[in-house]
Structure formats: C-alpha cells, structure tokens
Amino acid sequence: MTNQCEVLPQLREAYKDYFMIGAAVNKWSIEAEASLLTEHYNSLTAENEMKFERLHPQEQQYDFEVPDKMIAFTKEHGMSMRGHTLVWHNQTPAWVFQGDSGHPADPQTLLMRMKSHIHTVAGRYAGQLYAWDVVNEAVSDKEEEFLRPSPWLDILGESFIARAFEYAHEADPKAQLFYNDYNECVPEKREKIYKLVKSLKERGAPIHGVGLQAHWNLDFPSTDDIRRAIERYASLDMLLHVTELDVSMFAHDDTRTDLTAPTEAMLEKQAERYTQIFSLFKEYSAHIKSVTFWGVSDRYTWLDGFPVRGRKNWPFVFDVEQQPKQSFWNLIDVARS
Ligand code: HAH
C-alpha cells in the first residue's frame, strides 16, 4: 500500500474554525508518531511528563529534560501545548505529604511545597503553555461525598483548590487555568463539579475553564448527558476543553480479553460515536476551544493497561498501522457538513 499521508485531509485544518485538535504524547510517541502529530494535530499534552512525580521526584530535585524537549518540538512545528497537571492525588511523590518522624506534613509545610512546586513549574513554562490543568480530579465519585479524600484535602482542607489556582496565576498570568475531571457527564458528579467551579469563581479564584477528560466508550455517556454537561459548565461562563478523549471499545463491566483486533461491528459503532461526539463539539464550539485525544494512534493507549491490564484497546481515529479508520473520515465529514 502506498503512503496515504500526503493525500489525507488534515484534522487540524478541517477543524481550524472550531477548535484546536490535540494529542497526548510521551517520549516514545513524539518520535514514533511524529508525522501523524505534525500533520493532524496543533496541540500537545504530555501524558505523564509534567506530572509532579516526574518533574519533582525529590524536594531538591527537578527534572525538566523531557518536557523541555516536548515544548521545543511544539515550537518547531508551530503547535501549542497544554500543561497537565499541577495538583493531583495520583502520581505525586510521598515526600510531598510527609513531615518529621513519620507524621504527615503540617498544613504550612504542605502549602509551602505546593506553592513552590507551582511557582517553579508554571513559572519555568510561563508564556509557553496556553493552558494548565491546575487541579485534577478533586471531586468524589461516591454518592454523598463532595470532594475526594486525599492528603491534599486531609491536610489543607478544601481551600487547597483555590490556593493552587492563585499560585498558578501568579506564576503564569497569561495561561488559561482549568479544573479537570473524569465522569464529567455523569449527572451526580457533573453537579458536584459545577458546584466546585461556581464556588471557586464566587471566591474570585483565577479559574478560566473546565476540562472534560472524556474517557468514554461505545455507549457511555449518552449524547444527551454530554450535551447537558457542556451546557451546565458553559453556563458558568467557563471555557471548555475536552482534555483526554478516547472512545473505548469496551463498556465498564466488559472484562473480555480474547480479542486481538477490533470487530467490524465495533469499528462501525465507534465511527458513529465519533460522528455524534464531534457534531456536538462543533455545535458548542463557541465554548469548546480545544479537543485533545489521550493518545495518537491505536498503536498505544493507556487503555491497554486500564482497567484490564494487558487487554488491547483501539480508542482513536488512527489504527495500529497509523492509518485512518472510518472514525477519521467521519470526523472530516462532520467538519465539512
Ligand atoms: C486520567 N485519569 C488522568 O487525568 C491522566 O493523567 C492519566 O494519564 C489517565 C487518565 C482518569 C482516571 C483514572 O486515572 C483512574 C480512574 C478513573 C479515571
């Protein structure tokens, strides 16, 4: 088969009047999938390389080598970059929350560490990232629980969220600052995210947007629930970014591990889903300014290891050979319709 790259329409070009098209990258994909990236995408997010544990593994040690290279790549190719993420309960080293002799850190120490981390990281990249996911996943999935229990919440109380936004704004006054979460279209959680963002706004915290992670599958969430979530967050006068889109072939309770390739039925259903999803995004493009896939092609996705370890998944619009799937063509049709 001939190389189709040159004749393919470009996703970023097709959507240029609506929103940026992004991809999460890592050290491997930014090289192995470089031509797909530069052809179809104009925004990158580091999948893991800007997380606390990677940038700041020990109190006196920062490591900026890989993210610096990613930023250089985006500049070289005229792309933009989102920052992910400053404050999260996961992928944060234990030292952050530790005090003396086995006790947890006291509130002043933890707040000082948070401030220093945010000032150093967001300060280093000031003016080079158009947005930051300042706080990731602070809202609980459990009924009757508002915020997720975490060392941040346990030690600092709810105010850790507003403080994080203030520090990020001090360090990079031009970056758009986002609250980012998953299950963002589930009505009960949607209302908690709405309540959190509303209270941040009312307290005058410098928050500019809501990040919808959009880890979805062939049936979940319903397009009605996606629409309702977009409208609800937009009603707070927030920018919206779709930050981590993937359309898994497997429902949450599906633990099959026998498939070595997607079935025709799966591929067709996924393409229909992509049509519905991007039609909605286009309809709300006055609010949605960036749509990022949490990967590039089906060669690699974090879903190969989550929630079922070692089960291959095929969530994107380019296949394992980096060729366009029906889903890709549907996205082009939606853009042109
Ligand atoms: C996201 N969490 C994170 O924001 C991202 O940083 C990571 O690379 C992948 C997914 C989604 C998530 C999770 O980590 C655990 C349970 C449910 C959802």
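1. Strand 4 and strand 5 pair in the parallel sense over five bridges, where pairing requires that DSSP find at least two bridges between two strands. Asparagine 136 stands opposite asparagine 180 in strand 5. Helices (H or I, at least four residues) and strands (E, at least two) are DSSP runs, numbered from the N terminus.

2. The model is predicted: local features need pLDDT of at least 70 and side-chain atom pairs count only at pLDDT 80 or more, whereas totals for chains, interfaces and linings use all residues. Residues are numbered from 1 along each chain as its sequence is written, and side-chain values use heavy atoms, with hydrogens and water left out.

3. Strand 3 (residues 80-87) also pairs with strand 4 in the parallel sense, over four bridges. Arginine 82 has alanine 131 of strand 4 as its bridge partner. The chain passes from strand 3 through helix 6 (residues 107-124) to strand 4 in a right-handed β-α-β crossover; right-handed denotes a clockwise path from the first strand over the helix to the second, with the strands pointing away from the viewer.

4. Six of the six residues of strand 4 (residues 131-136) are buried. Buried means under 20% relative accessible area, exposed over 50%, and partly exposed in between (1.4 Å probe, protein chains only).

5. Just after helix 9, glycine 204 takes a positive phi of about 80°.

6. The count of salt bridges (a side-chain nitrogen of Lys or Arg within 4 Å of a carboxyl oxygen of Asp or Glu) comes to 20. One of them joins arginine 124 to aspartate 68, with the closest N and O atoms 2.6 Å apart. This pair links helix 6 with helix 5 (residues 65-76) across 56 residues. Arginine 124 is partly exposed at 38% relative accessible area, and aspartate 68 is partly exposed at 27%.

7. Aspartate 225 and arginine 228 form a salt bridge (3.3 Å, N to O). The two are three residues apart in helix 10, and are therefore separated by about one helical turn. Aspartate 225 is buried at 16% relative accessibility, whereas arginine 228 is partly exposed at 44%. Elsewhere, salt bridges with shared partners join Asp141, Arg148, Asp181 and Lys189 into one network.
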